[in-house]
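My entries follow the structure.

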Amino acid sequence: MAATFPAQEDDLFSRNLQKRYNGLVMVRKRAIRGKGAWYWYHLEPILFQNQDTGTAKAVKLRCGLCSALFSASNPSRTATEHLKRGSCPNFRHPEVNYNGIRPKSAKHNLLALPPPLAPLAMVPAFCSSEPVFPSQPDRPQLTQSQIDTAFDLLSEWFYESCGHVSLSTIDHPKFKAFLNHLGLPRINRSYLTGAKLDAKYEEIMVQTKSKLQDAMFFQLSTDGWGKGKKRNNSDSPDVFASISLNLPNGSSLFHKVLFLGTSSPSSDYIKDILWSTIIETSGYDVFRCAGIVADVGNVNNVVLQELETRHHWMVIVSCQSTALHKLLRDFSKDLPLFATTASICLKIIQKFESHHYNGLNICLTQQRPYSSLDQASATISAVENVARLFYKFGHTFTEKVIPVDPSDRELSDVVQESKFWKDLDCFANLISIIRELLQDIKEDRLCLGQCLPLWKELKSRITGWCSRFEIDDKPVMELVNRRFTKNYHAAWAASYVLDPLFLVEDSCGRYLPPFKFLTPEQEKDVVKTITRLTRDEEAHVALMELMKWRTEGLDPVYAQAVQAKERDPISGKMRVVNPRGNRLIWETYLSEFKVLRRVAARLVFLQATTTKFNWNHSFLSLVCSKRRSNETIEKAQKVLFVSLHQRFERDDFSDEEEKDPELSSCENDMSLDQYLTF
């Protein structure tokens with residue numbers, strides 16, 4: 001019985017310590033709110049626990065300025081001896097250091113200390129036996145941990161901004177005042193571009209390599225080849241190309257940016273770069289690369305076809321987002337009525353720019369000078385902008401912004417006719433059809449199996465558009481079919497019939513592949529693709545399994561689970577609940593398809609659009625400039641890598657300006673007169 005006494009005493013001692021700690025915490029909270037002693041602003045109760053039992057072992061007071069530990073038995077005496085009498089190296093005594101001069105013992109490091117309390121803060125009030133809590137200092141006093149956390153977040157914000165926010169910002173007087181107001185010390189550039197950047201870069205590199213090694217296969221995505229961006233005071237555009245990696249789990253990894261100079265690269269150069277990247281990222285196991293989705297600019301699809309012919313296990317396709325952009329350009333150039341309407345709109349916008357209606361600039365979808373755009377982009381943008389202004393302001397826009405000009409009688413007469421505005425509405429709707437599909441592609445991350453349904457939907461919408469506006473559909477559909485033929489890939493059909501998302505329920509309740517929606521040529525493409533992606537000795541097995549898949553399909557329970565959809569609360573659109581379910585079904589449930597499952601898992605995973613970046617070209621020019629030191633270029637490349645990695649993590653590739661719609665859109669309650677005088 002006596003043996004239990006020590007255990008009971010220990011338990012009682014632990015409970016008393018816990019009560020003591022809770023009491024000190026409560027006293028400190030009241031003091032910080034202004035109802036207690038001044039020294040609690042610097043002293044913090046700490047509870048030490050037994051690692052084995054978890055019971056309280058000791059209560060201490062920690063100084064928030066120097067992290068020293070003291071007994072919690074008498075906080076007032078601790079404050080007097082440690083703070084008032086100068087034992088704390090980081091506490092400025094009111095009578096000596098309130099002028100802002102640091103004690104000699106203070107460390108001269110990057111993170112400066114907060115200012116001291118006012119001398120009168122510790123003087124007791126008259127007619128009161130209790131000390132008065134000090135008035136709040138000019139800025140909050142933060143612990144070292146809080147300062148480190150704040151600067152960690154600040155540095156990551158600088159890295160992610162990547163050129164949109166200059167490093168010189170930290171030297172701006174207002175920014176320094178902002179930090180001081182928050183209780184943060186000054187910061188210098190070496191903190192952002194030195195060891196911290198190196199550590200962040202190495203951390204991300206380790207994460208990237210680990211994720212890539214864990215993936216069974218991946219897809220290379222590359223964009224930017226042949227697309228130039230003019231530097232200031234230069235007629236030659238800089239050409240940049242980006243390379244990223246798509247993983248089976250739906251995530252993507254940024255790999256690198258290539259600076260290609262001022263001329264478009266040759267086809268041999270593109271092939272060499274892509275192949276060397278595959279070797280580098282796959283660790284020489286090149287069969288892990290399931291394919292490439294690319295936008296190779298003016299080199300067309302010849303480069304992709306040659307690469308695919310050499311490496312039979314890969315599916316190499318062109319970007320469908322780019323294909324729709326090119327179709328829109330085809331309309332602007334090859335439809336006579338479109339070209340006529342667009343040329344008039346371009347004249348209207350040029351007249352608009354010549355009158356310097358700056359207040360209306362925020363209503364334009366394209367705010368760059370039209371002289372900086374190619375002809376097709378300029379005409380398309382002109383149609384969109386004139387239509388937007390007309391929808392907003394009606395005929396008031398033409399009366400005030402396009403006054404009757406004797407020197408341009410033809411334009412003045414045209415804008416007075418209803419036919420022009422009818423044609424404008426017609427082609428603005430056509431552009432809107434393409435834009436909506438492009439937005440869907442961007443949001444849904446278009447996969448290979450979705451390409452045939454996408455073009456089918458496009459043809460259906462354009463047919464409806466022709467009927468609505470009484471347009472002859474023959475020349476329009478010729479352009480659509482021509483662009484479809486240029487971009488079509490045999491793997492589209494194979495991925496379409498192998499993807500469980502597109503299984504169709506028959507009259508018997510079976511979920512079967514949609515072979516009935518394919519043309520005879522596309523059915524042959526299914527066989528060709530599957531045969532090419534398998535080894536010679538396994539090709540006949542794959543085709544037998546394909547016949548089984550065609551006749552039996554997938555169990556209805558699993559098919560319904562894969563195809564289950566829910567409404568997106570933001571966009572209101574119906575989206576697949578589990579976007580990766582179509583691949584997982586092949587890898588887990590459909591184990592009887594020994595060969596076909598390997599082909600299907602890779603095909604249904606492949607994406608059909610590249611990741612489009614909105615580059616900060618001034619920063620990219622810095623990265624690749626030959627006039628900068630190697631050290632500066634290396635640091636800029638690390639910042640770029642960290643920035644793009646973070647954007648991939650957030651799945652955010654939008655331009656900074658796109659995030660400020662209130663600064664780039666018309667206010668509904670403003671009249672045209674208000675805009676013109678803005």
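Which helix holds both Asp423 and Lys419, and how many residues apart are they? I found both in helix α15 (residues 418-444), 4 residues apart, about one turn of the helix. I note that this model is predicted. The two side chains meet in a salt bridge, 2.8 Å from N to O. Asp423 is buried, with a relative accessible area of 12%. I also looked for salt bridges that share partners: one network joins Asp440, Glu443, Asp444, Asp568, Lys573 and Arg575.

Next I searched the whole structure and got 27 salt bridges. One of them pairs Glu156 with Lys200, with the closest N and O atoms 3.1 Å apart. This pair links distant parts of the chain, 44 residues apart: Glu156 is in helix α4 (residues 144-161) and Lys200 in helix α7 (residues 195-214). Glu156 is partly exposed at 28% relative accessible area, while Lys200 is buried at 13%.

Then I turned to the cysteines. How many disulfides are there? I counted 0 disulfides. The sulfur of Cys88 has its closest cysteine sulfur in Cys66, but at 3.9 Å that is too far for a bond. A disulfide needs the sulfur atoms within 2.5 Å. Cys447 is in no disulfide either; the nearest cysteine sulfur, in Cys451, is 8.8 Å away. Cys88 is buried at 2% relative accessibility, and Cys447 is buried at 13%.

Last, I looked at the surface. Lys29, Arg30, Arg33 and Lys35 form a positive patch there. Lys35 sits in the loop between α1 (4-32) and β1 (43-49). Its relative accessible area is 58%, so Lys35 is exposed.

How values were computed
Residues are numbered from 1 along each chain as its sequence is written. This is a predicted model: local features need pLDDT of at least 70, side-chain atom pairs count only at pLDDT 80 or more; totals for chains, interfaces and linings use all residues. Side-chain values use heavy atoms; hydrogens and water are left out. Patches are made of residues with over 30% relative accessible area and no salt bridge: like charges are joined within 9 Å, nonpolar side chains (Val, Leu, Ile, Met, Phe, Trp, Tyr) within 5 Å. Accessible areas come from the Shrake-Rupley method with a 1.4 Å probe; for residues, only the protein chains shown count as cover. A salt bridge is a side-chain nitrogen of Lys or Arg within 4 Å of a carboxyl oxygen of Asp or Glu. Lys and Arg count as positive and Asp and Glu as negative; His and the chain ends are not counted. The place of a charge is taken as NZ of Lys, CZ of Arg, CG of Asp or CD of Glu. Helices (H or I, at least four residues) and strands (E, at least two) are DSSP runs, numbered from the N terminus. Buried means under 20% relative accessible area, exposed over 50%, partly exposed in between (1.4 Å probe, protein chains only).
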